[in-house]
Amino acid sequence: MAAATADHKANPVKSFIAGGFGGICSVLTGYPLDTIKVRLQTMPLPAAGQPPKYKGIIDCAVKTFSTEGVRGFYRGISAPLVGVTPIYAVDFAVYAAGKRLFQTDEHVKLTYTQIFIAGVGAGICSALVTVPSDRIKVLLQTQPVTGPVMYSGTLDTAIKLYRQGGLRSLFKGTCACVLRDSPTGVYFVVYEGLQDLARRRSTTGQITPTSTIFAGGTAGIAFWSLAVPFDVLKSRLQSAPEGTYTHGIRSVFRELMATEGPKALYRGVLPILIRAFPSTAAVFVGVELANDVLNS
């Protein structure tokens with residue numbers, strides 16, 4: 001396969017810092033659409049003859065704004081903001097470490113196969129860090145607006161989950177998270193490939209902010225196109241009361257196939273793909289900016 005450009009050896013420490021900053025940029029950019037996505041994925045199946053709770057992305061956005069205001073789109077954001085720094089930091093640090101294993105000197109150019117392997121490893125490791133904050137985020141995003149408040153915030157949710165079932169409750173959905181994040185290899189291959197193309201077409205041989213936005217956004221769409229079914233299963237599992245799905249992701253899958261069919265695996269796909277471009281572009285813009293500062 002064609003080789004990916006590498007001007008110097010990957011540095012896991014610098015990548016850890018840059019990844020954390022990129023993750024914060026991503027959350028601030030894409031969280032409103034993430035809230036809509038989760039609400040569409042977890043809304044209950046309507047009774048016979050009754051309309052669904054949300055007719056689609058626009059209806060969900062309008063109802064969220066009319067009942068909760070702008071604040072409703074950012075409900076539960078403290079969980080990913082607190083968790084996103086280690087999640088993306090781990091993702092980019094493990095990716096850099098994986099690349100470093102293949103680099104014998106400063107000028108070794110990695111193949112896209114090697115980049116894919118490093119990316120898969122990064123996705124699996126970051127998924128293990130993601131689970132608790134993802135679990136808390138989903139519960140806060142899907143909590144009913146009316147009636148008694150079960151969770152008053154990120155810390156309150158974490159404490160109550162731990163009291164209910166210990167670490168096992170906080171890490172509910174781990175398998176689904178790992179499956180969802182495994183396509184991270186594709187994510188990095190698409191990004192690196194498009195940036196290589198940008199370098200070849202540039203008169204200076206350097207990437208630009210425009211190429212970073214395009215490559216990052218396209219990588220996000222490629223990743224989420226593969227990850228959506230697992231994300232739906234994860235959201236259903238993590239938002240369900242304890243004991244609902246005795247066999248975890250397998251029970252969720254069987255129920256969805258029996259009651260709603262394969263189409264249910266792509267519920268919420270529109271807000272996911274709409275969000276994927278700007279939020280993932282924001283990750284890589286943040287990472288490249290941080291790298292520029294760290295390398296200056």
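1. The model under discussion is a predicted one. Within helix α2, the buried residues are Ile 57, Asp 59, Cys 60, Thr 64 and Glu 68. Viewed down the helix axis, these buried residues fall within an arc of 160°, so they line one face of α2. The face turned away from that buried side carries the exposed residues Ile 58, Val 62 and Ser 66.

2. The buried residues of α2 find their packing partners in α1 (12-42), α3 (70-73) and α11. Helix α2 itself comprises residues 57-68 and reaches 16 Å from its first C-alpha to its last, close to the 16 Å expected. Gly 69, which follows α2, has a positive phi, near 75°.

3. Helix α11 spans residues 269-295, 27 residues in total, and its end-to-end C-alpha reach of 38 Å is close to the expected 39 Å.

4. Lys 99, in helix α4 (residues 78-102), is buried, with a relative accessible area of 18%. Beyond its neighbours within four places in sequence, Lys 99 is in contact with Ala 10, Leu 110, Ala 118 and Glu 192. Ile 77, located in the loop between α3 and α4, is also buried, at a relative accessible area of 16%. Residues up to four places away in sequence aside, Ile 77 touches Val 27 and Tyr 31.

5. The whole structure contains 19 salt bridges. One of them joins the side chains of Lys 137 and Asp 134, with an N to O distance of 4.0 Å. Both residues are buried. The two lie 3 residues apart in helix α5 (residues 112-142) and are therefore separated by about one helical turn.

6. Lys 172 and Glu 242 also form a salt bridge, their closest N and O atoms being 4.0 Å apart. Because Lys 172 lies in the loop between α6 (154-170) and α7 (174-181) and Glu 242 in the loop between α9 (209-239) and α10 (249-259), the pair ties together parts that are 70 residues apart in sequence. Lys 172 is buried, at 14% relative accessible area, whereas Glu 242 is partly exposed, at 48%.

7. A further salt bridge links the side chains of Glu 260 and Arg 236 (3.2 Å, N to O). Glu 260 belongs to the loop between α10 and α11 and Arg 236 to helix α9, so this pair ties together parts that are 24 residues apart in sequence. Arg 236 counts as buried, at 10% relative accessibility. Salt bridges with shared partners also form one network, whose members include Asp 34, Lys 37, Asp 134, Lys 137 and Arg 275.

How values were computed. Residues are numbered from 1 along each chain as its sequence is written. This is a predicted model: local features need pLDDT of at least 70, side-chain atom pairs count only at pLDDT 80 or more; totals for chains, interfaces and linings use all residues. Side-chain values use heavy atoms; hydrogens and water are left out. Helices (H or I, at least four residues) and strands (E, at least two) are DSSP runs, numbered from the N terminus. The expected span of a helix is 1.5 Å times one less than its number of residues. Buried means under 20% relative accessible area, exposed over 50%, partly exposed in between (1.4 Å probe, protein chains only). The arc is that of the directions from the helix axis to the C-beta atoms. Contact means heavy atoms within 4.5 Å.
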